[in-house]
2 protein chains.
Amino acid sequence: MLVLGVDPGSQITGYGLIEKKNDDLTCIHYGQISPPRDMPFYKRIHYIFQAMTEIMSRYGPQEMAIEDLFYSKNIQSSLKLGHARGAVLIASEQCGVRIFEYAPLEIKKSVAGYGRASKEQVRSMIRVILKLKDTPNLDASDALAAAVCHLNWSRFKPF
Amino acid sequence: MLVLGVDPGSQITGYGLIEKKNDDLTCIHYGQISPPRDMPFYKRIHYIFQAMTEIMSRYGPQEMAIEDLFYSKNIQSSLKLGHARGAVLIASEQCGVRIFEYAPLEIKKSVAGYGRASKEQVRSMIRVILKLKDTPNLDASDALAAAVCHLNWSRFKPF
């Protein structure tokens with residue numbers, strides 16, 4: 001079972017691929033999609049769609065984990081986040097990757113033990129859980145956390 | 001020159017196609033994309049992407065006119081609108097249709113003479129301008145208004 005975790009954003013979209021064999025989790029790859037800053041906004045959204053499609057085609061995950069629709073306090077950033085998240089969802093549907101959504105609190109709780117953990121605490125736990133030698137950026141570690149959350153839940157869910 | 005106007009929304013996305021020959025505007029087709037209400041949100045976004053792609057492939061517009069990123073007062077609707085608008089932008093980029101964005105006030109002013117016109121007033125003017133016999137729904141007439149606005153502007157712009 002190969003799971004892709006994604007943390008979408010119009011400036012940086014983090015992603016991470018985790019393979020589960022028996023009960024072992026192995027990080028296969030992680031990174032971030034950063035459209036060039038001088039690109040018009042609509043081209044940035046298409047850039048994210050294309051990059052996500054390429055990653056899914058190359059690695060062939062069966063399932064994708066992403067944060068649920070959550071409502072920040074900022075209208076402008078919500079509108080932009082919506083575009084980026086839409087690009088990720090469309091790429092998944094186009095590539096036949098099943099989508100699973102989790103609340104941000106649920107993801108943090110699953111990885112760091114409590115829902116109000118900081119991004120840095122989540123990253124530290126992700127490094128331990130996946131035995132990473134390097135330090136991923138915070139967008140990639142949030143993406144890996146979504147994938148770990150999904151793999152933890154899917155032990156109990158009959159998909 | 002065939003121009004597609006779009007008024008995106010996660011529940012209803014209006015669209016309309018206008019052809020310009022010499023200085024005459026002819027409405028070729030208009031309608032609305034309404035994903036089934038019982039569909040999960042992420043499937044609705046993919047539905048809009050697929051429907052827009054189909055319309056663009058069938059009619060082959062060269063250019064697409066859409067409302068600029070605008071900020072409503074409601075965070076939840078902004079986030080959902082962002083997903084739908086992203087689906088339209090990605091379809092356009094995938095189909096090689098050039099994207100032109102206009103402020104809502106600019107579109108209303110271009111069609112109804114002033115920027116605070118109601119949707120009903122915009123629709124009445126659209127019916128006159130395009131000599132429509134039927135009454136489009138308000139999402140389709142807003143989409144047609146975006147296309148008319150673009151065709152009015154493009155008289156003066158050296159694209």
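**Exercise 1.** State which helix gives the most to the lining of the second largest pocket, and describe that lining.

*Solution.* With four residues, α2(A) gives the most to the lining of the second largest pocket. Helices here are DSSP runs of H or I with at least four residues, strands are E runs of at least two, and both are numbered from the N terminus. This is a predicted model, in which local features need pLDDT of at least 70, while totals for linings use all residues. Residues are numbered from 1 along each chain, and chains are lettered from A.

Next, take the whole lining. It has 21 residues, and among those nearest the pocket centre are Asp7(A) and Phe70(A). A pocket is an open set of points on a 1 Å grid where a 1.4 Å probe fits, with protein on both sides within 12 Å along at least five of seven lines; lining residues have an atom within 4 Å of a point.

Last, sort the lining by type: eight nonpolar, five polar and eight charged. Asp, Glu, Lys and Arg count as charged; Ala, Val, Leu, Ile, Met, Phe, Trp, Tyr, Cys and Pro as nonpolar; the others as polar.

**Exercise 2.** Find the volume of the largest pocket and the make-up of its lining.

*Solution.* The volume is about 580 Å³, counted as the space filled by probe spheres set on the points, which are joined across faces, edges and corners. The lining holds 25 residues, with Gly9(B) and Leu81(B) among those nearest the centre. Elements of chain B that give two or more residues include α1 (41–59) and β4 (63–67). The largest share, four residues, comes from α2(B). By type, the lining divides into ten nonpolar, five polar and ten charged residues.

Technical notes
This is a predicted model: local features need pLDDT of at least 70, side-chain atom pairs count only at pLDDT 80 or more; totals for chains, interfaces and linings use all residues. Side-chain values use heavy atoms; hydrogens and water are left out.
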